[in-house]
Amino acid sequence: GQSVAAFQPVPSASASGAIRSSAKAINPWPAAAFATPLSSATSSDDAGSDGQLDAGSDGQLDVGALGKYALAAGIQMSLFGGIFKLADIGLASAGMTPSSLPFAAIAFVFYACALKSRAFNPLNNKRPDRSKAVEGKGSDGFRDRVMPSWTPPGFIFPIMWLLIIGPIRAYSSAMVVTATGTFFNPAIMAFIFHLTCGDIWNTINNTEKRYGMSVVGILLGVVPSAAFAASQYYAVEPLAGKLLGGTLLWLCTASALITDTWRLNPNENGKREPLYPAKGEAKTEFAWFGSN
């Protein structure tokens, strides 16, 4: 699932690009919200409880962070896959299939998945406070970064994610389950992979505030996984694929917003954040296990 935001766009960066984190303000997109600014320099062991370090990176690839992203993805996919498989087995033992369930019930399950999939991800991928954002107040992930002047008004985000994207995902997924007669199938797992990419992206963008990596994450993870899931849905039920594919319009817009935001927010040295997780940027933590 993704988060929502309300904000007032702030002026874009000056020609010199000298944007300082202490003066940043944000206007995030759901599934995806943005995070708080960097401050004074400290060592990589001085990360706060939100996983954010106080210093810029040293440029070295954070291999440990990549490993944790991959492990978290594996855990989330395995949990969803196991639950879906058990659901199929349980229904079969009762002489039923998912196709025999009410369509609305199946859609509700996937609406919940679309909004709360992060519950199955062990990383700290907390979202901003939606109520504060809607009121225009600051919260973790809101109003803490310079945003492009073309950023949509805040009320657009809850409308898109709660009333349009979420229902489209739910309806199209219910169509696929009904058509296949199973919860655990390649098309549905492709959709779960897309949600998993979004949840890890939220960790990168919201909690860890890796501006550069968030660009790569959405361009090479969130968007392609959505396109792949849509193609898998289309192979099962063309209308379902078309519906899910329609969400790419919003995701591509969000990608442009994220990329422009990265451009407008150089680090304290006046340079853009690297397009990979770098040591010193943040501390990747497993919220479930209290990992440091």
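Mentor: Let us begin with Asn265, which is buried, as its relative accessible area is 0%. The model is a predicted one. Asn265 belongs to the segment after α8 (248–264). Its side chain reaches the backbone oxygen of Val146 at a distance of 2.8 Å.

Consider Arg210, which is buried with a relative accessible area of 0%. Arg210 forms a salt bridge with Glu281, and the closest N and O atoms of this pair are 3.1 Å apart. Because Arg210 lies in the loop between α5 and α6 while Glu281 lies in the segment after α8, the pair ties together parts that are 71 residues apart in sequence. Glu281 is also buried, with a relative accessible area of 4%.

Arg210 has a salt bridge with Asp62 as well, where the closest N and O atoms are 3.4 Å apart. Asp62 is located in the segment before α1 and Arg210 in the loop between α5 and α6, so this pair joins parts that are 148 residues apart in sequence. Asp62 has 13% relative accessibility and therefore counts as buried, the limit being under 20%.

Another salt bridge joins the side chains of Asp260 and Arg263, at 2.7 Å from N to O. Because Asp260 and Arg263 are 3 residues apart in helix α8, about one helical turn separates them. Asp260 counts as buried at 17% relative accessibility, whereas Arg263 is partly exposed at 41%.

In soluble globular proteins, nonpolar side chains tend to be buried together. The largest nonpolar core here has 25 residues, and among the members that touch the most others are Phe84, Phe110, Phe183, Phe191 and Tyr233. At least two residues of this core come from each of α1 (63–93), α2 (103–116), α4 (156–180), α5 (186–207), α6 (211–236) and α7 (238–246). The greatest contribution is that of α5, with 7 residues. Leaving aside neighbours within four places in sequence, Phe191 is in contact with Phe110, Arg169, Ser173, Ala229, Tyr233 and Leu244. A second, separate core holds 17 residues, including Trp161, Val215, Ala226 and Ile258.

Notes: Residues are numbered from 1 along each chain as its sequence is written. This is a predicted model: local features need pLDDT of at least 70, side-chain atom pairs count only at pLDDT 80 or more; totals for chains, interfaces and linings use all residues. Side-chain values use heavy atoms; hydrogens and water are left out. A nonpolar core is a set of buried Ala, Val, Leu, Ile, Met, Phe, Trp, Tyr and Cys residues joined through side-chain atoms within 4.5 Å. Buried means under 20% relative accessible area, exposed over 50%, partly exposed in between (1.4 Å probe, protein chains only). Helices (H or I, at least four residues) and strands (E, at least two) are DSSP runs, numbered from the N terminus. Contact means heavy atoms within 4.5 Å. A polar contact is a pair of N or O atoms within 3.5 Å; within protein, one must be able to donate a hydrogen and the other to accept it, and residues adjacent in sequence count only if both atoms are side-chain atoms. A salt bridge is a side-chain nitrogen of Lys or Arg within 4 Å of a carboxyl oxygen of Asp or Glu.
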